[in-house]
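Here's a quick tour of the fold, from overall dimensions down to a few local spots. Have the coordinates open while you read.

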Amino acid sequence: MHIFSITQWYHFAFMVISVALLGFGAAGSFIALYKNRLIANAIWLIPFSMLISGLLQCSAIFLSQLPFARFDSYLIFADYSQFINLIITYLIFFLPFFFGALSIGLSFIIYTDQIGKLYFSNLTGSGLGGIAALILYSIFLPEEISSLISLLPIISALILFPKIYKRIFTVIFILSIAVSVFFFINPSALKKSEFKSISKTLNLIDAKVVFTKNSPYGLIEVVSSPVLRFSQGLSLAYQKEVPQSKAIFLNGDWFGAVVKVNNNKNEFLHYTAAALPYVMKEKESVLILNAGSGIETAQAISYNANRITAVEQNSIIISLMKNESAENSDSLYHHKNLTIRNIDSRTFLQSDTNKYDLITLPYTNSFGGGVGLYALQEQYLLTVDSFEDIFDHLNSEGVICVSSWIDYPFRNPLKVLATIVEVLLKKNISGYKNHIAAVKSWGTITFVVKKSPLNSEEIMNIRSFCDSLMFDPIILPDLSESERTKYNSMQDEKFFEYVDEILSAHRSRFYEEYDFNIKPANDNQPYFSQFLKWKSLSYLKDIYGIRNAPFLEIGYLLVMITFIQIIIIAFVLIILPLFKTDLKGNGKLKTLVYFGAIGLGYMFVEIIFIQRFILYFGNIIYAAAAVISSMLICSGVGSYLSSRIKGSKRNLLFICGLILTVLVLYKFLLTPILQSTIGFELFLKVAIAFLLIAVPSFLMGMPFPIGLKIISAENKSLVAWAWGINGCSSVVASVLVVVIAVEFGFAVVILIAALSYFTAALTNVSLYHIVSKKNFAESTE
């Protein structure tokens, strides 16, 4: 996942989960097909499969970076051969999981009577692996970590290999260790997409990477070039030289520029559209959310703000700005008026009680517009709920400031404005138009929202600011149409009509009729950058052409393509082979429904927990690791204790009923509990989170091993089949949950998870009859 985020784009992480689960599901089907032969050779096959898994793990990165396999998600719709490369990449990352799962699956089949203990060990090891990965991120580069991880299956093979094969295995073991060490010492260079920001920046004269640091937040790189300049929203009236700056990239994506504060080097910041709130009225207290490399902070300092609070969740960036980049930024992050908070912006807002004259947000979108590659990234800072929190932190004359690049077709600035209007309406502000101002430069728009109506002095200052710096006001009380294009014309002036539609009373109709989704995002559907409307796709294809239209919103389209590919591959590798197995007896349909339902439900719950705890901990990386590790470990404990529970209809029905009850309660209680405790000390929040995760996870660890025990009592051939079905449903669920969350929200996801366990509860009654019928027949005889 980490490597895909660097070489491709953030949202490809879900594909890795699908491929991993696909390997487990395919292994189950393979065992079902060749069970007898595999069991007969299990004494050497179990350790040998684990050994092969280790060798494939350490070589997968090298293979995926070769020309025949390397794909670029940006080119998929322009060069259809990229689809072949994508499938080859699937295969490369699929094989390590397949062979590892083959070893694990054979253990489950042979030692079904100990399934609870085996499943416990498997889940607990997986949970601890998630924690260990975070530690490795802080020490090693991503391309080195896979070689270290590959030692684990190789060592496990050493433990399991029988003594009768000791001589030959010793040679194989030594060679395997040598291969892992070789790839660790000589890691494959990660080839980033040529369309990523850092790739384009490195094309500048004498550009070079001067700093690299890996961490759980991602790979941070700093690029230097004598021609590198940063001047977003800069006025055409600025005639001096823009100072040289260094650029920071996170996983190859633009993060921010390092600018100087003193010696008049930051004078150009006074000539940017983002200076708008400072010219309206002097600001004493400023809150900067997602402060990053400090552009907005430098601007606040240049306007002599006395109390500046900068919120940034990435501790590595803060350390970089305080140490390695301190000289290049004139020790910006050591300024006497600055207080830095290392926490997520939303989490800070929900625990902070101060009021501010100005609250600034970072730029949305990028220069030239985007192609929807971040459509599936949760952007909680840009939801209506977030803007409400921000609005509540303003003093009576306070202002919110947010800027956006102008994209085409128009999406980002329209959605920002729609969000602002929605918040003001929620705050019961009837004359909301008198609270908003916006100015346009040659390529950006800056919006300000004031808690009280704009007064005549502020309106006059805004007009003076625009005239002196050649900006155009596009929203302002008593604005004339000619003022909107006085200095900077637009190729498509329908933009102003769209702005007026959003400000009007019939904005809802406009949202429905517009070709893109510009309805404000909320915490239930926090996908601000998801603009695609399926009903508009055909129209966009006619306007822009079949090869160009996807580039408008490529991110979400890639998810759907991946979803379709995964379903086809899962059917071919998991479902189709199962129909060729010689399964005797009854219960195949009920086994299919039961194990499919619990696989779907478990994956949906996992995604819901990750989403909810991002805000709670204020850190997406640690929240995801905490959720996944806690769920696996607690499910492992539940699995272990299930070995002491009799595989009966009553017990299984009771457990599924408990899971259903807990999930329904969480639908209504989880968010209020998290909101009421978000301001607690970290150790208390960790304890609360663990308890909330532990209860359902403990219970969800039981249905799988108990179900295997029940069907094993009647027909052992169904065990591998059940494992394959469970893997297949998990594969589909890992992508399906993303689609459902985008289209309908996370509230629907948790309801579907509860429905899945309800289905399992109904099915296990019939599942039990597989055993009951056999016992009845035997007693009758």
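Contact here means heavy atoms within 4.5 Å. With that in hand, take helix H15, residues 384-392. What do the buried residues of H15 pack against? On the strand side there are S5 (285-289), S8 (356-360), S9 (394-405) and S11 (444-450). The helices on the list are H14 (345-351) and H16 (412-426). The H15 residues that count as buried are Val 384, Ser 386, Phe 387, Glu 388, Ile 390 and Phe 391, so Ser and Glu turn up there alongside Val, Ile and Phe, buried meaning under 20% relative accessible area.

Zooming out, keep in mind that this is a predicted model. The protein has 28 helices and 12 strands. Its radius of gyration is 29 Å, close to the 28 Å that the globule rule gives for 781 residues, so the protein is as compact as a globular protein of that length.

| Property of the protein | Value |
|---|---|
| Span of the C-alpha trace along the principal axes | about 100 × 55 × 55 Å |
| Buried share of the 781 residues | 57% |
| Distance between the mean positions of the positive and negative charges | 12 Å |

The charge tally is 60 positive and 54 negative. As for contacts with a separation of 6 or more, 77% of them join residues 24 or more positions apart.

Now for the inside. The largest nonpolar core has 128 residues, and those with the most contacts inside it are Ile 31, Phe 595, Phe 609, Phe 613, Met 631 and Leu 708. Helix H27 (residues 717-744) gives this core its largest share, 18 residues. Apart from it lies another core of 53 residues, including Phe 348, Leu 417, Val 499 and Phe 531.

Phe 609 is a handy place to look at the packing. Leaving out residues up to four places away in sequence, Phe 609 touches Val 627, Met 631, Tyr 666, Leu 670, Leu 692, Ile 693 and Pro 696.

One last stop is Ser 199, in helix H10 (residues 197-201). Is Ser 199 buried or exposed? Its relative accessibility is 18%, and the cut-off for buried is under 20%, so Ser 199 counts as buried. Again skipping residues up to four places away in sequence, Ser 199 touches Lys 192, Ser 193 and Glu 194.

Conventions
Residues numbered from 1 in each chain as written. Predicted model: local features only at pLDDT ≥ 70, side-chain atom pairs only at ≥ 80, totals over all residues. Heavy atoms only, no water. Helix = DSSP H or I, 4+ residues; strand = E, 2+ residues; numbered from the N terminus. Rg over C-alpha atoms; globule rule 2.2 N^0.38 Å. Buried < 20%, exposed > 50% of the residue type's maximum accessible area, 1.4 Å probe, protein only. Lys, Arg positive; Asp, Glu negative; His and termini not counted. Charge placed at Lys NZ, Arg CZ, Asp CG, Glu CD. Core = buried A, V, L, I, M, F, W, Y, C linked by side-chain atoms within 4.5 Å.
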